[in-house]
Amino acid sequence: MRITLLSRAGCAACARARADLRPVVDEFEVEFDEVDVDAVAATDPSLRAEFGDRLPVILLDDREHSYWDVDIPRLRADLRGAAGH
């Protein structure tokens, strides 16, 4: 399982999402990536085009899971279900 945080520099909500995700990432020992949609726009403009107005966006295995706020209970439940717990 992989959690990806789509963010941008200077985004206070993105910083909160990162902090909210850290305990979940550690608890479930899942891979975590953060992608700045503005930084990758030159080579991959699709991310900013699709998600740029809703940041932060949390992807679970490359599928949109939540945006603006991390839905921690749902994320934990989905990770437990995927792990067969």
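**Loops, a disulfide and the overall fold**

Mentor: Start with Glu29, which sits in the loop between helix H1 (12-28) and strand S2 (31-36). Helices (H or I, at least four residues) and strands (E, at least two) are DSSP runs, numbered from the N terminus. Keep in mind that this is a predicted model, where local features need pLDDT of at least 70, side-chain atom pairs count only at pLDDT 80 or more, and totals for chains, interfaces and linings use all residues. Residues are numbered from 1 along each chain as its sequence is written, and side-chain values use heavy atoms, with hydrogens and water left out.

Trainee: Is Glu29 buried or exposed?

Mentor: The scale goes by relative accessible area: buried is under 20%, exposed is over 50%, and partly exposed is in between (1.4 Å probe, protein chains only). Glu29 comes out at 72%, so it counts as exposed.

Trainee: And what is the phi of Glu29?

Mentor: Most residues other than glycine have a negative phi. Glu29 is not a glycine, yet its phi is positive, at about 50°.

Trainee: Which residues does Trp68 touch, leaving out those up to four places away in sequence?

Mentor: Trp68 has its place in the loop between strand S4 (63-67) and helix H3 (72-83), and it is partly exposed, at 47% relative accessible area. Its phi is also positive, near 70°. Contact means heavy atoms within 4.5 Å, and on that basis Trp68 touches Asp53, Arg54, Leu55 and Pro56.

Trainee: How far apart are the C-alpha atoms of Trp68 and Val57?

Mentor: Along the chain, Trp68 and Val57 are 11 residues apart.

Trainee: Is the peptide bond from Leu55 to Pro56 cis or trans?

Mentor: Pro56 lies in the loop between helix H2 (45-51) and strand S3 (57-60). Most peptide bonds are trans. From Leu55 to Pro56, though, omega is near 0°, and the bond is cis.

Trainee: Which cysteines form a disulfide?

Mentor: A disulfide is a covalent bond between the sulfur atoms of two cysteines. The test used here is a pair of cysteine sulfur atoms within 2.5 Å, and the count comes to 1. With sulfur atoms 2.4 Å apart, the pair is Cys11 and Cys14.

Trainee: Is the link of Cys11 and Cys14 right-handed or left-handed?

Mentor: Both ends are under cover: Cys11 is buried at 18% relative accessible area, and Cys14 is buried at 0%. The angle about the S-S bond is 75°, and the link is right-handed.

Trainee: Stepping back, in what order do the elements of the chain run?

Mentor: The secondary structure comes to 3 helices and 4 strands. From the N terminus on, the order is β-α-β-α-β-β-α.

Trainee: What is the radius of gyration of the chain?

Mentor: Taken over C-alpha atoms, it can be held against the globule rule, 2.2 Å times the number of residues to the power 0.38. That rule gives 12 Å for 85 residues, and the chain is close to it, so it is as compact as a globular protein of that length. The radius of gyration of the chain is 13 Å.
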